Amino acid sequence: MKSAFRPAFCVLRPAPIALLLCAGLAFGAWAAEGDFAGSGTKGGQATIAVSGTHLSNFNPLRASDTQVRRVLRHTWGTLTRPDEKGAVLPGLATAWKSADSKTWTFTLRPCKWSDGKTDVTAKDVAFTIDEIVHAPSFGTYGLASCLGRGKAGAVCKVIDPKTVEIALPVPQPDFPALAAEIPILPEHVLGQVQKVNGLYTAWDVEAAEKRNNPLTAIVTAGPYRIKEYVRPTDGSPNRLVLSANPHYWRAGGGGKLPFLEEVTFLLAEDEVVAAKLAAGDKGQKADVVEDLTPALRRALGTVAGGRLTDGELLKK
């Protein structure tokens, strides 16, 4: 098993094709050109401008937009995860095995949800897979085409609280890589919601506002949890504020991850607007613009590109 420590200077490469399966729905994987440098130090805050992002729902099973996934991925926990070279590393699962590439057994690590009250268990994994396979609302969801649908879909069996067995419709040798694409949902929070209303509107922004049900109540298993989501009426961009998940399981070179204590995403209409935010437009100043194309960066001159990874802001 590789160390969880990420060096202060690294080269980010495209993830392997296994992580881009299923209609291109790569939750945890992303690719970038060139070198990004980070400090590897603990603490602080960062503001990142992201273009083309409209958050209407925080349910990861409805995150079909690439930019939305790139923002919300920092709150998700997955069974496995890719490193900067695309290799498959342990995530919520510490080990996995299969004798036929069709039936896979995952062993989960001891860790808690961001509420600090409940362990991440095999029931959460089974709940998530079952929702993808059986919920009519997610019939067009890309992962359903890999896991199958209905009676012909994948079947999960909870062996014990930390062991889950996933029987796929067909052999899938790359399933551990695909598992990095499946954000695990908290059964202890959403189980009752599913029984009453289904999960399609769960964690929906407008529904939460109508019910006076704050999005900050969302529990996560990733490095960050939701602190605030603001939709201004004065024309300034929406902003999503994430705070460090104190119960996140990973450790890094500077201590317990994530490095940054708070991250604010400014959600711009397009790249040009995002770049202007980096220059202090509309009274808001972004430290970097995520996924800024090389051509636009050259044209704008002083605007820095960057990316948030491992809870650290890597600048280009």
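Visitor: Phe58 and Tyr229: are they buried or exposed?

Guide: Both Phe58 and Tyr229 are buried, where buried means under 20% relative accessible area, exposed over 50% and partly exposed in between, using a 1.4 Å probe and protein chains only. This is a predicted model, in which local features need pLDDT of at least 70, side-chain atom pairs count only at pLDDT 80 or more, and totals for chains, interfaces and linings use all residues. Residues are numbered from 1 along each chain as its sequence is written, and side-chain values use heavy atoms, leaving out hydrogens and water.

Visitor: Why is Tyr248 called buried?

Guide: Its relative accessible area is 9%, and the cut-off is under 20%, so Tyr248 counts as buried.

Visitor: How many aromatic pairs are there?

Guide: The structure has five. Rings of Phe, Tyr and Trp (its six-membered ring) pair if their centres lie within 6.5 Å; planes under 30 degrees apart are stacked, over 60 edge-to-face and the rest tilted.

Visitor: Why is the pair of Phe58 and Tyr229 called edge-to-face?

Guide: The ring centres of Phe58 and Tyr229 are 5.5 Å apart and their planes stand at 75 degrees, so the pair is edge-to-face.

Visitor: And why is the pair of Tyr248 and Trp249 called tilted?

Guide: Here the centres of Tyr248 and Trp249 are 5.7 Å apart with planes at 50 degrees, so this pair is tilted.

Visitor: What sits over the ring of Trp249?

Guide: The charged end of Arg109 does, 3.8 Å from the ring centre; the rule asks for NZ of Lys or CZ of Arg within 6 Å of the ring centre and within 35 degrees of the ring normal.
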